[in-house]
Amino acid sequence: MLKYTIKRLLGTIPMLILISIVVFSLAKLMPGDSLSGEIDPLNTNPEYIEEMREKLGYNEPLPVQYFNWITGFVQGDFGKSTKYKTDVFDIIMEKVPNTLLLGVISLIITYILAFAMGMYSGRRPYTIGDNAIAGINYIMLAIPSFVAAVVAIYFFSFHLNWFPFGGSVDILIEKGSFEYYISKLHHVLLPALVLGAMGTASYTQFLRNDIIDNSRKDFVRTARAKGTPIRKIYNVHILRNSIIPLVTFLGFDFAALIGGAIITETIFTYPGIGMLFLDSVTSRDYPTLMALTMLLSFLTLAGNLIADLLYGVVDPRIRLD
Amino acid sequence: MASSTTLSQQKKPERSLSPWQIARRKFLKNKLAMISSVFIILVTLLSIAAPLLAQYLSPLPDIAKVNIGSMNIPPNSEHILGTDKSGRDVLTRLFYGGRISLLVGFSATLMVIVLGTIVGSIAGFFGGLVDNILMRFTDLVLTFPFLVFVIVLNTILYGRVDGLWVLIIVIGVLSWGGVARLVRSKVLAEKENEYILAALSIGCSPFKVIAKHLLPNVASTIIVQATLIFASMIVVESALSYLGFGVPQATPSWGIMLSSANEPDVLQGKPWIWMPPAIVLTLTILSINFIGEGLKDALNPKSLR
């Protein structure tokens, strides 16, 4: 396993370098000069602009510029945001907890829903309940996440008034108090529900099919013959075996959550990484944009790596390749 | 119908059914898939015919014109689905929106399938170094966070190429990786068969073997995959348009129509503006998914239904 892990880890290094080159080239291709925020816009003296260009290293050849950028990046120096005039690193760090909270809560919601539905369906296949769950899953799979978000805001925020429809916390509440955390949770719940519900379908169907497969196996027959209660067979013996393959989904969820976060955060005006990303595109804040694109690519890569490694843990045959 | 075929079979022994005929029979028997097909055909026809139908649908057939006198009218007998904040008829725009959404979805799918099939079949057939290089490149494309790169690329190309095609090219270029992997794995399994060896030994060129012998045998997988991709491409188009990074704002697509729900006022008080595109979009995706499932079932020789 160790050999496999090291092999996979080394394999990601060329990927990271290639991605960083792609991101850098894309930033260079972007319309406009990424200088615009750094220079005093009122000073149009060509000598001043030339001096600033020289100082910021924009006159260097492209490979040198790339090298400067990437060495800074590795050391955590993401440059200065042209919109907020502060370090990009600080801006991103400020938003990370919000996105992390959203991601974790939505994953928890996905797991709870998927386990409840999957275990029910797996135990009673081809009944009305199972078909109803399959139907719900088909519909959830078909509803685009932004449509679900809009409908959720319409019903739960506007008509039922259960949830706030924007922001990550009530601004009037003092930071650090108990109410502050409750308010944060209250704000994150609806976007997390939308984001989490979207991922349940594949989990549920997988769990259902796996439970049905397992229930025909010999160990179940043995357990039955020994007089183990049916409920215990399903909840302990079968579930234990069916959970293992599900673990590999976790890595892919990582990547899916990134895409999902961009859409959901924007609709719910939830100040996280996804919204910051779209914001940096519209306001042409190139240092932030580059840093975030790198960061999100890195996370996707990490997600794929985790999925691969978990596959290796679950299915030892894969390690042998 | 059923009795007449049995009669004719009694008269003279017919050739047994081809795999495609069996698949077609299975698909026609699948009620859900048939209902979905009818719905999709209906949506497609109505969208194509939108310019012809517009004048019968409402007194305001011009979707590009802002009509100040008839803004935000709730559904009534004149405007079946009401009008939006610029006074344009929602039903007419819904039909026109279908044109754009389906066109983008279809073109992007075509591009994804063609690119993925070419890369996948070449990698799978030749193997070795070619396979290695192509698959590492595919891995790279697959690791890009899709939405992030679509948005960045779209911003770069915006204004340089005609708006609609930018989007199609960008989503096409970024999403062929999955198809390439799938086709490669199928080709890898298929090329071990003896008929491929036979074809090569009588001097068929590699490209002829791929095009004439390999691809028809992996076609069923590609067709099923294409259906599912078609659905996801429509979602991608509308999601991007909703966020403001898709088709140009003036183009009526379902995503653009939905983006009016960004205004709390419209979202809360004027549901007739954003609900129709939301419902039609969801039903379209649902139907395409059902068709995909039906095709998967019909083309699978092991399924008994």
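Predicted model: local features only at pLDDT ≥ 70, side-chain atom pairs only at ≥ 80, totals over all residues.
A residue is called exposed here when its relative accessible area is over 50%, and buried when that area is under 20%.

Helix 2 of chain B, which spans residues 19-29, has A23(B), K26(B) and F27(B) as its buried residues. Because these residues cover an arc of only 100° around the axis, they lie on the same side of helix 2 of chain B. An α-helix has 3.6 residues a turn, so residues three or four places apart point the same way. The cover over the buried residues of helix 2 of chain B includes helix 3 (31-48) and helix 14 (271-299) of chain B, whereas the face turned away from the buried side carries the exposed residues R24(B), L28(B) and K29(B).

Turning to the interface, chain A and chain B bury about 3400 Å² between them, with 85% of it on carbon and sulfur atoms. Of the area that chain A buries against chain B, 18% is supplied by Y138(A), F146(A) and Y154(A), more than by any other three residues. The contact draws 39 residues from chain A and 37 residues from chain B. Between the two chains the count of salt bridges is zero, and the rule finds one residue pair in polar contact across the interface, both residues being at pLDDT 80 or more.

Among the elements that give two or more residues to the side of chain A that touches chain B are helix 1 (2-29), helix 5 (128-142) and helix 13 (286-314) of chain A, while helix 6 of chain A gives the most, with eight residues. By class, that side of chain A has 30 nonpolar, eight polar and one charged residues.

Technical notes. Residues numbered from 1 in each chain as written. Chains lettered and ligands numbered in written order. Heavy atoms only, no water. Buried < 20%, exposed > 50% of the residue type's maximum accessible area, 1.4 Å probe, protein only. Helix = DSSP H or I, 4+ residues; strand = E, 2+ residues; numbered from the N terminus. Arc of directions from axis to C-beta. Contact = heavy atoms within 4.5 Å. Buried area = accessible area lost by both parts, 1.4 Å probe. Salt bridge = Lys/Arg side-chain N within 4 Å of Asp/Glu carboxyl O. Polar contact = N/O pair within 3.5 Å; in protein donor to acceptor, adjacent residues only side chain to side chain. Nonpolar A, V, L, I, M, F, W, Y, C, P; charged D, E, K, R; others polar.
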